[in-house]
Amino acid sequence: MTERRAPVDAPPAGSFEDLLRIVEELDTPDGYKAELIRGKTVVSPCSKLRCLRPMRRLRAQVEAHAPDGHVTETSPFLFVFPPAERGFGPDLFVADESAFDAEGRHADGAALSLVAELTSDSTKDADWLDKLDTYGRIVPVYLVLDMQVQEVSVFWDPSPKGYRSRTNVPFGRPVRVPAPFDFELDTSEFIRRAPEAEPEGAARG
């Protein structure tokens, strides 16, 4: 499969529950995740290798300031938003650990206190549009690490019409992550490192 998102055919008249069941039962290849976006089951690749380092650095900083009783994870759990009929698998999330006491294969999006998405060519549109709109109605803090532009945007203060507040900075500058986290995020560790130049005279295959 390529890096591009791939919609999966589903019954057009299916209810949200029907579509959600299809997502949950889909046998996705290793390294891919299935989400429910705009009424379609969408399969997309997980983060690329070069996202591992910034993802680990982000998790370490966020986890240190997570609210009591909340877990910080990068596992591909599916969170559902029934009013919007969406089901997303965030790149990184912080959620009330009690949400994982329930049976089933998805968690309630209302349990989330923070979500972070690392953009790629295949996910950028959804991260900036559909997910921003859905998260902006219920999730207290949303971080978008734009890996192409090399900047981070912080959204907070959700409302029925979306987030009321936003700030963004280029990688390398600190940015405030608001309550319930309330800390300065060091973004210098997210900067893409240039590949090391090949030494002169090195053998070429």
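These legends describe close-up views of a predicted model.

Residues are numbered from 1 along each chain as its sequence is written, and side-chain values use heavy atoms, without hydrogens and water. In this predicted model, local features need pLDDT of at least 70 and side-chain atom pairs pLDDT 80 or more, while totals for chains, interfaces and linings use all residues.

**View 1. The whole protein chain.** The protein chain has four helices and 14 strands (DSSP runs numbered from the N terminus: helices are H or I, at least four residues; strands are E, at least two). Of its 205 residues, 44% are buried (under 20% relative accessible area; exposed is over 50% and partly exposed lies in between, with a 1.4 Å probe and protein chains only). Mean pLDDT, the predictor's confidence in each residue from 0 to 100, is 85 for the chain, and 83% of residues reach 70 or more.

View 2. Where pLDDT is low, predicted coordinates should not be read in detail.

**View 3. Helix α1, residues 16-25.** Buried in α1 are F16, L19, L20, V23 and E24. These buried residues line one face of the helix, because they fall within an arc of 140 degrees seen down its axis (the arc of directions from the helix axis to the C-beta atoms). The exposed residues E17 and E25 are on the face turned away from the buried side.

**View 4. An aromatic cluster.** One aromatic cluster is formed by F81, F88, W128, Y135, Y142, F155 and Y163.

Definitions and conventions
Rings of Phe, Tyr and Trp (its six-membered ring) pair if their centres lie within 6.5 Å; planes under 30 degrees apart count as stacked, over 60 as edge-to-face and the rest as tilted.
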